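These are my notebook entries on a single chain. I set down what I looked up, in the order in which I looked.

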Amino acid sequence: MDLRHSAPSPRSHFVRRVVLLGLLAVGALTVLAACANASAARVPVVTTKHLTFDILPVRPGGPAEDWPAFMATSPTALPANTVVTVTIRNFDLGDDAMPANSPYLHVQGTTDGVASADGTSYTSLNAQHVSHTFTIPQLQLNVPIPGDPVGDAAAVSVTFSFRTPPSAGTYYFQCFVPCGTGESGFNGPMATLGYMRGTLTVVA
Ligand SMILES: [Cu+2]
């Protein structure tokens, strides 16, 4: 009888040890992955009740054209069925004209029917002095945002509040002043996410 195969050689000891260590490593990685998944599921979405934006005349890193942009300076996820306060600092102070009968000249859908610009409340703006609007058509929310006709301010600060809907979802905001490119003024930044349009997430 050949005993060479019945007594394990040092080499087969080594192989077994390597296999065992390999199995342990796979097991440990599986446990770690499971923990990571569990903690990822537990991490809550960061929501805010005070939504803040800066409107910049040119978005940093944007295209060569002067594309203005709403830049969120807070999380853009909001709790459902909650009054949210919004502050928009407008640094893009040029005025654009809108038709005098445009519905976008009127504040609509805020909790108290008004918005305020640098502390002065208003319900509508002069058609010659509108810079942008913050509009969420799905929520029938519209706030016209003034420029600075005098031209001596660094920014105009607009505040208002609105109630978020009860259902979770993605909501699009859009500017309706023709501040973009093209003959209509509705191209370029007006039609591009991250500029004059963007999304808010409502979390139930
Ligand atoms: Cu605009």
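Entry 1, contacts and overall build. I take a contact to mean heavy atoms within 4.5 Å. Among contacts in the chain between residues at least 6 apart in sequence, I find that 69% join residues at least 24 apart. I note that this is a predicted model, in which local features need pLDDT of at least 70 and side-chain atom pairs count only at pLDDT 80 or more, while totals for chains, interfaces and linings use all residues. Residues are numbered from 1 along each chain as its sequence is written, and side-chain values use heavy atoms, with hydrogens and water left out.

I next looked up the secondary structure, where helices (H or I, at least four residues) and strands (E, at least two) are DSSP runs numbered from the N terminus. The chain has one helix and eleven strands. Read from the N terminus, the order is α-β-β-β-β-β-β-β-β-β-β-β.

Entry 2, the copper site. Which residues coordinate the copper ion? I find H132 (ND1), C175 (SG), C179 (SG) and M196 (SD), at 2.0 to 2.5 Å. Donors here are N, O and S atoms within 2.8 Å of the metal (3.2 Å for Na, K and Ca); water is not among the atoms, so sites may look incomplete. The spacing of the donor residues in sequence is H-x42-C-x3-C-x16-M.

I then checked the geometry. The angles among the four donor atoms are 93 to 122 degrees, and the site is tetrahedral. For reference, the ideal angle for four tetrahedral donors is 109.5 degrees.

I searched for disulfides (pairs of cysteine sulfur atoms within 2.5 Å) and found zero in the structure.

A nonpolar core is a set of buried Ala, Val, Leu, Ile, Met, Phe, Trp, Tyr and Cys residues joined through side-chain atoms within 4.5 Å. The largest one has 37 residues, and F70, I88, F134 and F160 have the most contacts inside it. Strands that each supply at least two residues of this core include β4 (83-90), β9 (156-163) and β11 (197-203). The largest share, four residues, comes from β9.

Setting aside residues up to four places away in sequence, F160 touches V84, T85, V86, I88, T110, V114, A115, F134, L141 and V143.

Beyond four places in sequence, its contacts include V107, V114, A115, V143, P144 and V158. Y122 and P144 are 22 residues apart along the chain, and their C-alpha atoms are separated by 9.7 Å.

I looked up P57 in the loop between β1 (50-56) and β2 (69-72). Because its relative accessibility is 34%, P57 counts as partly exposed. Apart from residues up to four places away, P57 touches D66, W67, P68, F91 and D92. The C-alpha atoms of P57 and A69 are separated by 6.7 Å, with the two residues twelve apart along the chain.

Which loop holds D118? D118 lies between β5 (115-117) and β6 (120-122). Its phi is near 50 degrees, a positive value in a residue other than glycine. Q140, in the loop between β7 (132-136) and β8 (141-145), has a positive phi of about 50 degrees although it is not a glycine. Q140 counts as exposed, at 56% relative accessibility.

N187 is partly exposed, with a relative accessible area of 40%. Its contacts beyond four places in sequence are G180, T181 and G182.

How values were computed:
Buried means under 20% relative accessible area, exposed over 50%, partly exposed in between (1.4 Å probe, protein chains only). Four donors count as tetrahedral if all angles lie between 85 and 135 degrees; four count as square planar and six as octahedral if opposite donors are over 155 degrees apart and all others between 65 and 115; anything else is irregular.
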